[in-house]
Each structure stands twice: as structure tokens, then as C-alpha cells.
Amino acid sequence: EHIWIAERCGANLCVGSDVDPVLLFDLDGTLLDSAPDLVRSLNWVRRSEGLDPLAVDAVARFASKGAVGLLQAGMPAADTVQLETWRKRFLAHYAEHSCIDSRLYDGIPELLATLAMKGVRWGIVTNKVESLTWISHASMPKSLPAVRLTPSTMRSWKRPTRQLSLP
């Protein structure tokens, strides 16, 4: 869905350096189709609450919104305490079941191999906790990203100056 062109290596981490640009990709929904595994964990939480499971297609568009966004889309309205309880249960389940059906989108392995061959540095931007981005790398090609921007690796977030949206 999104590709960012970072003019410096990470928001505010290398300001003033002469580091080459890095091509940054959103992980979920751009490089990786993780919706089946995310919805599996959502449905696990739903079943624990006596609710019927949802079809992947019904909530897949919320996969890039993080655990809270997916839970808000797929669970009944709840207060912040209940939402946090569900989030913790969701993340625990997802940590154990995150690489079952997640796959790189068609053409992504070839794209990343071409970038590596041409010496283009690339990275991922994600709202996932850092430990779950490593799990997601199980289906990544040998050329791992040069940069991983996650909530836990950033002191502060400043949106890059140029953003490309793909159809």
C-alpha cells in the first residue's frame, strides 16, 4: 500500500549525515500478506468471547491498522480496559501463530532481489512490535532489510517527506 523514500536513515536518527537514501516499505499489506494469520488470531479472541469467526476478506483491510485497529473492527464496542485485555491475548496468540499462512505478495521476492543486486538499501516500516517483525522475516528472501522502523526502535516518528502510494 505504501512506499516511503527516506532522505536520511530513519527519522531523526542520522540527521546531518551523508547516508544514502533508503527505500522503505510498509510491511503488512505491502510486502507481506499477513491478513490470514492476523485474522486467525482475531478469530481466536472472538471464539474465546463466544463470538463466531469472521472471514478473512471481511476484515483483511484492517490488518495494517495494528492489533487495536483490527480488534476495533472485529470485536464488539468495548472500553479501553477490555480492549487492552483482548490486545494482550491477541498478541500472545499471534506470536505463536504468525507464520502459518503469511506470504510475501507475488513479485516481492524478485523486487527485493533486484534491489539487493543494484545495491539499493531498503527497509520496512511497521506498527508491529519489533519481536514480531523478526517472525515475519521467516518468508523474506536472503537480503534482509537494512532498516527496520518499529515503535520500539524509534525515539520519535516524523513522516518522511516523500511518499508514494501504489494502486
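**Figure 1. Phe90 and Tyr94 in helix α4.** At 1% relative accessibility, Phe90 counts as buried (under 20% relative accessible area; exposed is over 50% and partly exposed in between, with a 1.4 Å probe and protein chains only). The model is predicted, so local features need pLDDT of at least 70 and side-chain atom pairs pLDDT 80 or more, while totals for chains, interfaces and linings use all residues. Residues are numbered from 1 along each chain as its sequence is written, and side-chain values use heavy atoms, without hydrogens and water. Tyr94 is also buried, at 1% relative accessibility.

**Figure 2. The aromatic pair of Phe25 and Trp122.** The whole structure holds two aromatic pairs (ring centres of Phe, Tyr or the six-membered ring of Trp within 6.5 Å; planes under 30 degrees apart are stacked, over 60 edge-to-face, the rest tilted). Phe25 and Trp122 are edge-to-face, with 6.4 Å between centres and 70 degrees between planes.

**Figure 3. The buried residues of helix α5.** In α5 (residues 108-117), Ile108, Leu112 and Leu115 are buried. Seen down the helix axis, they fall within an arc of 60 degrees (taken from the directions from the axis to the C-beta atoms), so they line one face of α5. Just after α5, Gly119 has a positive phi of about 75 degrees.

Conventions
Helices (H or I, at least four residues) and strands (E, at least two) are DSSP runs, numbered from the N terminus.
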